[in-house]
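Work through the exercises below with the sequence and the model side by side. Try each task before reading its solution.

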Amino acid sequence: MTPDQFKKWRKYLGWSQSEVAEKLGLKLRMIQYYEKGFRKGKSVKIPVAVEMACYVLAKGIERIDFTAPKGRPKRKKRKKK
């Protein structure tokens with residue numbers, strides 16, 4: 001994801017930089033660096049984990065329940081030939 005794509009993603013969803021920072025669990029300053037593409041004259045890459053989080057947020061998912069279901073899923077028995 002390029003800085004330009006990141007900024008377009010945010011604007012497409014109608015979110016402010018502050019809102020995106022809160023949703024991604026980052027500081028506002030990092031969002032600004034991602035959109036500019038540099039920090040103190042050095043290039044800033046947007047981590048893959050942030051790209052993936054952007055994709056998930058764009059799909060409307062803001063919270064995921066990672067608790068495992070009770071018990072193990074049952075396996076299908078194979079038919080003998």
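The model is predicted, so local features need pLDDT of at least 70 and side-chain atom pairs count only at pLDDT 80 or more, while totals for chains, interfaces and linings use all residues. Residues are numbered from 1 along each chain as its sequence is written, and side-chain values use heavy atoms, with hydrogens and water left out.

**Exercise 1. The chain as a whole**

Task: List the secondary structure elements of the protein chain in order, and decide whether the chain is compact or spread out by the globule rule.

Solution. 
- Step 1. Helices (H or I, at least four residues) and strands (E, at least two) are DSSP runs, numbered from the N terminus.
- Step 2. The protein chain has four helices and two strands. From the N terminus on, their order is α-α-α-β-β-α.
- Step 3. The radius of gyration of the protein chain is 19 Å, well over the 12 Å that the globule rule gives for 81 residues, so the chain is more spread out than a compact globule. Here the radius is taken over C-alpha atoms, and the rule is 2.2 Å times the number of residues to the power 0.38.
- Step 4. The C-alpha trace spans about 65 × 25 × 20 Å along its principal axes.

**Exercise 2. Inside the fold**

Task: Find the buried residues of helix 3 and the residues with the most contacts inside the largest nonpolar core.

Solution. 
- Step 1. Buried means under 20% relative accessible area, exposed over 50%, and partly exposed in between (1.4 Å probe, protein chains only). Of the 81 residues in the protein chain, 21% are buried.
- Step 2. In helix 3 (residues 28–36), the buried residues are Ile31, Tyr33, Tyr34 and Glu35. They pack against helix 1 (3–13), helix 2 (17–24), strand 1 (38–39) and helix 4. Contact means heavy atoms within 4.5 Å.
- Step 3. After helix 3 comes Gly37, with a positive phi near 90°.
- Step 4. A nonpolar core is a set of buried Ala, Val, Leu, Ile, Met, Phe, Trp, Tyr and Cys residues joined through side-chain atoms within 4.5 Å. The largest one has 14 residues, and Phe6, Trp9, Val20, Leu24 and Val50 have the most contacts inside it. At least two residues of this core come from each of helix 1, helix 2, helix 3 and helix 4.
- Step 5. Take Leu24 as an example: leaving aside its neighbours within four places in sequence, Leu24 is in contact with Phe6, Ile31, Val50, Ala53, Cys54 and Leu57.

**Exercise 3. Salt bridges**

Task: How many salt bridges does the structure hold? For each pair, state where the partners lie.

Solution. 
- Step 1. A salt bridge is a side-chain nitrogen of Lys or Arg within 4 Å of a carboxyl oxygen of Asp or Glu. The structure holds three.
- Step 2. Lys8 and Asp4 form a salt bridge with an N to O distance of 3.3 Å. Both lie in helix 1, four residues apart, which means a separation of about one helical turn. Lys8 is exposed at 54% relative accessible area, whereas Asp4 is partly exposed at 46%.
- Step 3. Arg10 and Glu35 meet at 2.4 Å, N to O. Arg10 lies in helix 1 and Glu35 in helix 3, so the pair ties together parts that are 25 residues apart in sequence. Arg10 is buried, with 8% relative accessible area, and Glu35 is buried at 11%.
- Step 4. Lys23 forms a salt bridge with Glu62, with the closest N and O atoms 3.0 Å apart. This pair links distant parts of the chain: Lys23 is in helix 2 and Glu62 in the segment after helix 4, 39 residues apart. Lys23 is partly exposed at 31%, and Glu62 is partly exposed at 48%.

**Exercise 4. The surface**

Task: Which residues make the nonpolar surface patch of about 350 Å²?

Solution. 
- Step 1. Patches are made of residues with over 30% relative accessible area and no salt bridge; like charges are joined within 9 Å, nonpolar side chains (Val, Leu, Ile, Met, Phe, Trp, Tyr) within 5 Å.
- Step 2. The patch is made by Ile61, Ile64 and Phe66.
- Step 3. Ile61 lies in the segment after helix 4 (48–58). Its relative accessibility is 38%, so Ile61 counts as partly exposed.
- Step 4. For the protein chain, the accessible surface comes to about 7500 Å², and 54% of this belongs to carbon and sulfur atoms. Accessible areas come from the Shrake-Rupley method with a 1.4 Å probe; for residues, only the protein chains shown count as cover.
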